[in-house]
Amino acid sequence: ARRSGYEGPLDIEGFRSGIDPATRAPLFQPASPAFPADHPDDIFWDNSISPSIPGVDSAVRAAIVYDGNLVVGGSFQAAGDVVASYIASWNGSAWSSLGSGMNNSVYALTVHNGDLIAGGTFTTAGGASANRIASWDGSAWSSLGSGMSDWVHALTVYDGNLIAGGEFTMAGGTSAKGIASWNGSAWSSLGSGMNGFVRALTVYDGSLIAAGYFTTAGGTSAGSIASWNGSVWSPLGSGINYEVRA
């Protein structure tokens, strides 16, 4: 309208108007509908638990099934009307806490040897010292050795051992840069580890895959993602040029 020289009224239905703070020129953007249009696939979403059953009061960062229940971890301190410090369990109809929970956020969950494993930024679990990683046996929390020197971001199981990835450089008092293995009684490193941090773990084609933000794994060039075959690290092609989170 401005380019054409038009100076009359404008019908801005369907647009939001504003002023550019730098140029003071008017701005118009399409207005989002108050309610999105129905989508045929919405029939597959189960809304039966919400909003009639409230969720948690802050971010959920990890979820897993343990002992037949859904377990979620994150930055919340309440689940429904239950006090649940950073971790909670849903049995299909109600929330419950797992003991007294943690003193800080949970970022990762997995199951190892029948126990629920939680990793994150916390330093206590169930009121006991547990540095960034802890084990729940269904009734109580326990530490895994002396834990990690810094945050745990990811957990998985590989070759029967628990694998933790994160920003730590020590695991159980042992040098372990960004990734470490727990055999049920002690922590060990996976080679010389990474020169950065690990945010995601999985198992693919018989190998452990670690991803995050690093440029070397085991001293070998690896752009933010690498494969461990049980003895050495290998890159996945030329890797990825920035951080991997999942």
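Colleague: What makes Phe197, Tyr213 and Tyr242 a cluster?

Modeller: Ring pairs link Phe197, Tyr213 and Tyr242. Rings of Phe, Tyr and Trp (its six-membered ring) pair if their centres lie within 6.5 Å. This is a predicted model, so local features need pLDDT of at least 70 and side-chain atom pairs count only at pLDDT 80 or more, while totals for chains, interfaces and linings use all residues. Residues are numbered from 1 along each chain as its sequence is written, and side-chain values use heavy atoms, with hydrogens and water left out.

Colleague: How many aromatic pairs does the structure hold?

Modeller: Seven. One of them joins Trp136 and Trp141.

Colleague: Why is the pair of Trp136 and Trp141 called tilted?

Modeller: The planes of Trp136 and Trp141 stand at 50°, with 5.2 Å centre to centre. Planes under 30 degrees apart count as stacked, over 60 as edge-to-face and the rest as tilted, so this pair is tilted. Trp182 and Trp187 also form a tilted pair, with 5.2 Å centre to centre and 50° between the planes.

Colleague: Why does Trp182 count as buried?

Modeller: Its relative accessibility is 10%. Buried means under 20% relative accessible area, exposed over 50%, partly exposed in between (1.4 Å probe, protein chains only). Trp182 therefore counts as buried. Trp187 is buried too, because its relative accessible area is 8%. Trp136 and Trp141 are both buried.

Colleague: What makes Leu162 buried?

Modeller: Leu162 has 0% relative accessibility, so it counts as buried. Leu162 is found in strand 16 (residues 161-166). Strands (E, at least two residues) are DSSP runs, numbered from the N terminus.

Colleague: Which residues is Leu162 in contact with, leaving aside its neighbours within four places in sequence?

Modeller: Contact means heavy atoms within 4.5 Å. The partners of Leu162 include Ile117, Ile133, Leu144, Trp182 and Trp187. Thr110 is also among them. Leu162 and Thr110 are 52 residues apart along the chain, and their C-alpha atoms are separated by 8.7 Å.

Colleague: How do you know that strand 7 and strand 8 pair?

Modeller: Two strands pair if DSSP finds at least two bridges between them. Three bridges join strand 7 (residues 87-90) to strand 8, so the two pair. They run antiparallel. Ser89 has Ser96 in strand 8 as its bridge partner.

Colleague: What is the order of the open sheet, and which are its edge strands?

Modeller: Four strands form the open sheet in the order 3-4-7-8, with antiparallel pairing. Strand 3 (60-66) and strand 8 (95-97) are the edge strands, as each pairs on one side only.
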